[in-house]
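Trainee: Before we look, I would like to go through the terms we use for this model and ask what stands behind each one.
Mentor: Fine; ask as we go.

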Amino acid sequence: MARQAQERIAIMGDEAIALAVKQSNVDVIAAYPITPQTIIVERLSEYVANGELDAAFIQAESEHSALSICVGASLAGARVFTSTASQGLALMHEIVYATSSMRVPMVMAIANRSLNAPLNIHCEHGDVMPERDSGWVHLFATNVQEAYDLTFIAFKLSEHPDVQLPVSVNLDAFILTHSVEPLTPISDEDASKFLPPRQPLYSIDFDSPATFGTMALPDTYMEFKYQLKEAAEKAGQVYPEVAGEYARISGRRYWYFNSYMADDADAVVLVLGSTYGTLKVAARRLREGGLKVGVVGLTMFRPFPEKQLVELLKNAKSLIVMDRAYSYGGLGGPLYMEVLAMLYRNGLRIPVMNVVYGLGGRDFRLDEAEAVLKIALDGARRGRFDEHVRWWGVRA
Amino acid sequence: MSAKKIVEPVIKGQFTYKDLPIAAMIPVPATSLEYKTGVWRTRQPKIDYGKCIKCLLCWVFCPDAAIKRLEDDSVNVDYEYCKGCGVCETVCPVKAISMEEV
Amino acid sequence: MSSQTIFYKTPKDLPREEWFASGHRLCAGCGAGIAARLIFKAIRGPTVVVNPTGCVEVSTSCYPYTAWKIPYVHVAFENAAAVASGVVEAIKILNKKRGRKLHDVIVFAGDGGTFDIGLQALSGALERGHNLLYICYDNEAYMNTGIQRSGATPIGAATTTSPAGKVIPGKQERKKDLIAIAVAHKIPYAATASISHPLDLVNKVRKALEIEGPKVLHVLAPCVPGWRYPPSETVRIARLAVETRYFPVYEVEYGRVKINIRVKEPKPLEEFLKAQGRFSHLFRPENAHVLEALKKAVEENWERLVKLEESGIAL
């Protein structure tokens with residue numbers, strides 16, 4: 001059914017992603033079933049089977065092949081989508097790096113889920129963290145509307161001539177994938193204007209035969225990797241332009257992060273994904289009591305928006321970084337370690353603490369969010385935290 | 001873009017990352033023609049045209065496309081690329097090809 | 001059902017165009033190089049090659065040198081059939097939606113990338129039924145990494161990970177039957193070919209390209225350093241493989257076996273084996289049982305194919 005006017009609907013996160021992909025003039029979809037992204041590809045296969053979407057839907061025999069199919073299809077000039085989670089992303093790992101290093105545009109939805117073992121299907125960001133350094137652009141949604149909107153932005157950013165990189169749209173397992181939330185979709189017409197059929201910069205063509213995926217030896221390898229570094233940083237630079245164009249058709253403006261009263265806050269809590277919403281509600285309550293707390297939810301994790309984040313945090317007196325992932329044997333969670341490095345090299349000497357929470361989908365409630373904000377405030381008042389890393393709620 | 005334009009900056013080490021094609025892709029065909037494998041050779045084929053029956057088997061079996069098939073189906077050796085394997089000598093049904101020391 | 005099978009009657013019918021150019025870095029006398037040159041002479045129009053990691057890949061696509069005159073894609077070792085699946089389906093849908101030019105898609109993969117690490121991706125692609133031609137150039141071991149055993153290495157052969165030891169004399173396991181695996185997917189066409197019989201090879205490539213759906217071609221391509229023989233002997237050894245029935249040349253069209261090169265009076269297998277260093281230990285008295293096992297494997301395979309052909313049963 002063609003979507004014309006902007007009307008509010010109720011929809012699950014997975015279905016919202018599928019709807020965005022359908023509206024994005026996608027040509028090839030390849031995926032393998034894994035909870036909790038499966039609904040995305042189920043809906044997409046329905047769209048294709050019912051003739052609502054003119055695309056090739058390929059269910060691969062593994063995630064490794066699914067991503068490989070996507071690489072081949074994108075090199076052939078198609079607009080390509082895949083989605084996965086957890087073990088599936090881990091199985092794709094090798095090709096994740098090939099995709100970005102071969103500069104192959106595509107979009108992948110990642111329903112962030114814990115990695116074995118123990119087997120667990122619930123929310124964690126530990127699945128995408130091994131792909132942190134791959135050169136992919138990694139975007140994080142805090143709610144269903146964002147998951148939908150970021151999918152369009154992801155395609156546009158991915159295919160931008162100065163970027164030419166794959167983009168992931170991360171949404172929290174079950175909390176977003178399976179939650180029904182209100183969504184205001186854009187019209188099919190606006191979607192087509194925003195994302196006309198893909199015009200590849202280069203593709204497989206017998207009339208202009210190119211060799212893709214060569215071996216590069218030490219004499220050139222570093223220069224090719226430097227190209228990737230430049231492209232990844234360029235993605236950060238063109239992102240506001242792409243997001244701005246999307247704002248013009250949708251009325252919804254995206255930035256490197258969501259922030260709630262962080263500008264003048266004494267204590268700030270930084271987080272990825274849906275927990276931003278919980279923290280925001282908690283912060284509002286504390287603000288009503290006159291407590292100067294703020295919350296930041298990072299939308300763009302890669303490239304890391306250092307400049308903008310430093311600008312935002314320059315007046316903060318303390319910071320808690322919340323990680324839904326951990327670097328075992330390391331200094332803490334991956335976001336925490338990165339933020340520590342960022343603060344240090346920008347001369348911001350504020351106390352920082354890491355709260356590791358919600359692993360394997362453990363619930364993080366509103367009262368807990370309030371408690372974390374209060375710890376942050378306490379750190380701001382005292383000018384220090386008593387510990388570097390706290391595993392929130394663990395029975396230690 | 002020519003093969004030389006792709007190959008020469010790398011050989012000379014005169015390039016920056018901006019001069020290289022995106023993602024190590026090679027945008028033109030057969031740049032390998034700039035790589036002369038003939039220098040590998042320690043023996044080389046010599047064709048006795050008095051014996052050659054133009055059967056083309058040496059051309060068919062050469063792993064390096066170093067036996068050239070001419071318009072009249074006679075053949076000659078492209079010494080720029082011939083690695084001197086001697087397959088042509090072995091497959092010649094009339095012993096018109098012999099391998100000689102370089 | 002029977003498609004035209006003879007496109008090239010004599011060597012003179014082979015196109016002059018070299019889609020696989022000189023200047024590649026395969027070894028002198030490389031069987032895979034002969035296979036690549038011949039196979040791509042048989043293309044019928046716009047074609048793309050997908051090549052997984054391996055000898056041919058590193059030797060023909062090392063930046064800034066490519067030996068390819070047709071579009072070429074390498075991504076990784078185990079995923080060529082999947083990458084090719086994506087290329088096929090993308091071109092097909094883009095042709096339908098926007099009139100993009102159609103291309104034939106050929107995978108050119110070694111035995112490691114086919115029999116072992118790429119087998120799952122190959123199985124997936126065959127089951128899904130993409131219109132592609134998957135060609136395995138089989139040199140019976142991981143030659144690119146230095147001659148390690150693969151699922152395609154025959155029983156008895158010495159490799160660097162199945163050495164001819166005092167206790168264990170070479171590989172102890174039989175070679176996988178790739179064509180049987182392929183045919184089990186109910187594909188329309190699967191065949192073997194040897195570089196020693198170039199007209200059979202190119203006609204099979206061309207015939208396969210004319211058939212809609214997934215096709216598999218298994219091509220024997222001797223390896224000079226891996227099989228340990230002088231570089232001039234590549235074609236002769238490949239021919240001996242056929243003439244001793246070591247490597248039967250046959251095709252399976254819609255499940256029906258047809259032996260293309262009938263070896264009525266096979267040469268002794270020893271002729272093939274003795275020409276190569278990898279089998280030399282088999283002629284020591286204490287290893288006679290391994291030689292017997294290899295002979296038995298060769299005989300059983302030939303007899304099985306003859307029976308299948310005679311029966312006319314569709315596999």
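**Contacts, domains and strands**

Mentor: In this predicted model, 39 residues of chain C are in contact with 39 residues of chain A.

Trainee: What makes two residues count as "in contact" here?

Mentor: Their C-beta atoms, placed from the backbone, must lie within 7 Å. The 39 residues of chain C and the 39 residues of chain A meet that criterion. On the side of chain C that touches chain A, the elements giving two or more residues are β1 (47-50), β2 (61-62), β4 (72-73), α3 (80-98) and α5 (119-128).

Trainee: Which element gives the most to that side of chain C?

Mentor: α3(C), with 14 residues. By class, the side of chain C that touches chain A has 21 nonpolar, 11 polar and seven charged residues.

Trainee: How do you know that β9 (211-212) of chain A and β4(C) pair?

Mentor: Pairing requires at least two bridges between the strands. β9(A) and β4(C) have two bridges, in the parallel sense, so they count as paired. Thr211(A) stands opposite Tyr72(C) in this pairing.

Trainee: What does the domain assignment give for chain A?

Mentor: Domain 1 covers 9-250 and domain 2 covers 257-391. Their centres, taken over C-alpha atoms, are 28 Å apart. Between them, 28 residues of domain 1 of chain A are in contact with 21 residues of domain 2 of chain A. α7(A) gives the most to the domain 1 side, with five residues. That side of domain 1 has 13 nonpolar, 11 polar and four charged residues.

Trainee: Why are β10 (257-260) and β16 (389-391) of chain A said to stand at the edges?

Mentor: The order of the six strands in this open sheet of chain A is β10-β12-β11-β14-β15-β16, with mixed pairing. β10(A) and β16(A) each have a single partner strand, so one side of each is left without a neighbour in the sheet. From one strand to the next, the twist averages 20°.

Trainee: What makes β11 (267-272) and β12 (293-298) of chain A a pair?

Mentor: Six bridges in the parallel sense, where at least two are needed; therefore β11(A) and β12(A) qualify. Leu272(A) stands opposite Leu298(A) in β12(A).

Trainee: Which strands does helix α8 (275-288) of chain A touch?

Mentor: α8(A) packs on the sheet and touches β10, β11, β12 and β14 (318-323) of chain A. The direction of α8(A) makes about 165° with that of β12(A).

Key. Residues are numbered from 1 along each chain as its sequence is written. Chains are lettered from A and ligands numbered from 1 in the order in which they are written. This is a predicted model: local features need pLDDT of at least 70, side-chain atom pairs count only at pLDDT 80 or more; totals for chains, interfaces and linings use all residues. Domain bounds come from an automatic or database domain assignment. Helices (H or I, at least four residues) and strands (E, at least two) are DSSP runs, numbered from the N terminus. Ala, Val, Leu, Ile, Met, Phe, Trp, Tyr, Cys and Pro count as nonpolar, Asp, Glu, Lys and Arg as charged, and the others, Gly among them, as polar. Axes are lines fitted to C-alpha atoms, for helices over the stretch in contact, and angles run from 0 to 180 degrees between N-to-C directions.
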